[in-house]
Amino acid sequence: MSASLDRRQILRGGGLLVAFSFTGGALAQLAGGGEGGPAPKMKRPDLPGSLKNNPELDSWIHIAADGRATVFSGKAELGQGIGTALLQVAAEELDLPPASINFVTADTARTPDEGLTAGSHSMQDGGTAIANAAANVRMLLTRAAARRWQVSVASLSTSGDGHVVAVDGRRLAYGGLAASLSLHVEAIANAPRRDPSRYRTLGKDLPRTDIPAKVTGGRAYVQDLHMNGMLHARVVRGPSHGTRLSAPRLEAASRMPGVVRIVRNGSFAAVVAEREWDAIQAMRVAQDSDYVRTVPPLPATAPPEAAEPRDHRLEHRPCGKARNRHDPGKI
């Protein structure tokens with residue numbers, strides 16, 4: 001016969017250990033997965049952030065012949081300013097002016113797979129990956145200069161404007177040094193980082209790169225897609241749920257500027273145009289019609305509680321406490 005314990009016995013015993021395992025979730029977060037999708041494959045657990053999944057330096061950074069850098073991030077600018085923050089991280093560890101960096105975010109054909117942009121992981125995973133990758137690239141450029149001059153790496157520094165500098169004043173540009181290097185190599189875990197006391201970019205004010213497009217109607221968000229041959233559409237419908245247009249003016253809408261075609265499928269109708277604003281204007285013309293109601297309207301004077309299922313409503317008692325109808329003993 002198995003022994004049984006009640007709550008009082010356990011409490012008298014002095015302690016209770018309750019354990020939970022977060023291993024699965026933690027690994028998914030480290031790997032950048034989420035929303036039920038598979039996480040990117042972890043290749044180098046010893047590297048920080050998203051470098052674990054994409055350790056090759058050329059997945060993150062390219063240096064052009066003119067010394068300009070292109071930095072890639074799998075995190076999306078969603079209006080939170082992460083494009084500016086990550087740009088500052090890259091500029092600091094490359095020791096380049098931000099204006100010398102082309103920062104590319106969330107381009108599935110070019111940027112590393114960093115999973116979701118969510119949960120405050122952009123700096124934790126993306127920022128640490130970019131910082132380490134940039135430090136690796138600056139280290140390789142400095143080593144290349146040391147080999148060319150036959151001096152020690154410790155005697156060299158970077159200038160902040162895309163040059164490696166020797167103690168005697170000699171300078172070599174990043175572009176020329178990068179031409180002799182391959183960045184298709186995996187990062188090392190502890191590349192020398194810049195001394196915070198000598199920071200040129202981090203901790204300094206930098207105008208947010210996403211603001212100008214927001215205030216001028218430019219491409220500011222991930223949904224602002226513009227592709228060759230792209231068309232825009234608007235559905236033609238009644239003024240509210242449960243209504244149907246009596247005689248939508250589809251013929252008039254088809255003659256509007258920029259309209260490509262009218263799509264009809266049974267009671268469904270839509271206008272397709274070259275520009276979004278053209279589609280909106282044509283939709284408004286098509287919807288300039290009388291309409292009929294197909295379902296009864298909601299009661300105009302009914303309280304909001306009328307829309308709630310009866311079983312889920314709370315019953316109010318004179319004492320002022322709301323009690324569950326099915327179990328008056330529970331609050």
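Two residues are in contact when heavy atoms of each lie within 4.5 Å. In this predicted model, residues 24 or more positions apart account for 64% of the contacts in the chain with a separation of 6 or more. The chain has 331 residues, of which 35% are buried. Its secondary structure consists of eight helices and 13 strands.

The account may start with strands E1, E2 and E3. Strands of a sheet pair through backbone hydrogen bonds, either parallel or antiparallel. Strand E2 takes part in both kinds of pairing: with E1 it pairs in the antiparallel sense over three bridges, and with strand E3 (residues 101-105) it pairs in the parallel sense over five bridges. Individual residues show how these pairings are arranged. His-62 has Thr-70 in E2 as its bridge partner, while Val-71 has Phe-103 in E3. E1 and E2 form a hairpin with five residues between the strands, and there Gly-67 takes a positive phi near 90 degrees.

How much of strand E2 is buried? Five of the five residues of E2 (residues 69-73) are buried, so this strand is largely enclosed by the rest of the structure. In a regular strand the side chains alternate between the two faces of the sheet. In E2, Ala-69, Val-71 and Ser-73 belong to one side and Thr-70 and Phe-72 to the other, and both faces are covered.

Glu-56 is located in the loop between helix H2 (23-31) and strand E1 (61-63). Is Glu-56 buried or exposed? The relative accessible area of Glu-56 is 18%, and a residue counts as buried under 20%; Glu-56 is therefore buried. Apart from neighbours within four places in sequence, Glu-56 is in contact with Lys-43, Leu-183, His-184, Val-185 and Glu-186. The C-alpha atoms of Glu-56 and Pro-112 are separated by 9.8 Å, although these residues are 56 residues apart along the chain.

What span should the 29 residues of H4 have? At 1.5 Å a residue, H4 should span 42 Å, and the end C-alpha atoms are 41 Å apart, which agrees. After H4 comes Gln-150, whose phi is positive, near 60 degrees.

The last region again brings together a sheet and a helix. An open sheet of three strands, with antiparallel pairing, has the order E7-E10-E9. Here E7 and E9 stand at the edges; each has a single partner strand, so one side of each is left without a neighbour in the sheet. Neighbouring strands of this sheet are turned by 20 degrees against each other on average, direction ignored. E7 and E10 pair over four bridges, and Arg-234 stands opposite Val-271 in E10.

Helix H8 lies across E7, E9 and E10 and runs at about 25 degrees to E7. Which residues of H8 (residues 276-286) are buried? They are Asp-278, Ala-279, Ile-280, Ala-282, Met-283, Val-285 and Ala-286. An α-helix has 3.6 residues a turn, so residues three or four places apart point the same way. The cover over the buried residues of H8 includes strand E7 (232-235), strand E9 (259-265) and strand E10 (268-273), together with strand E8 (243-245) and helix H7 (250-254).

Methods:
Residues are numbered from 1 along each chain as its sequence is written. This is a predicted model: local features need pLDDT of at least 70, side-chain atom pairs count only at pLDDT 80 or more; totals for chains, interfaces and linings use all residues. Side-chain values use heavy atoms; hydrogens and water are left out. Buried means under 20% relative accessible area, exposed over 50%, partly exposed in between (1.4 Å probe, protein chains only). Helices (H or I, at least four residues) and strands (E, at least two) are DSSP runs, numbered from the N terminus. The expected span of a helix is 1.5 Å times one less than its number of residues. Two strands pair if DSSP finds at least two bridges between them. Axes are lines fitted to C-alpha atoms, for helices over the stretch in contact, and angles run from 0 to 180 degrees between N-to-C directions.
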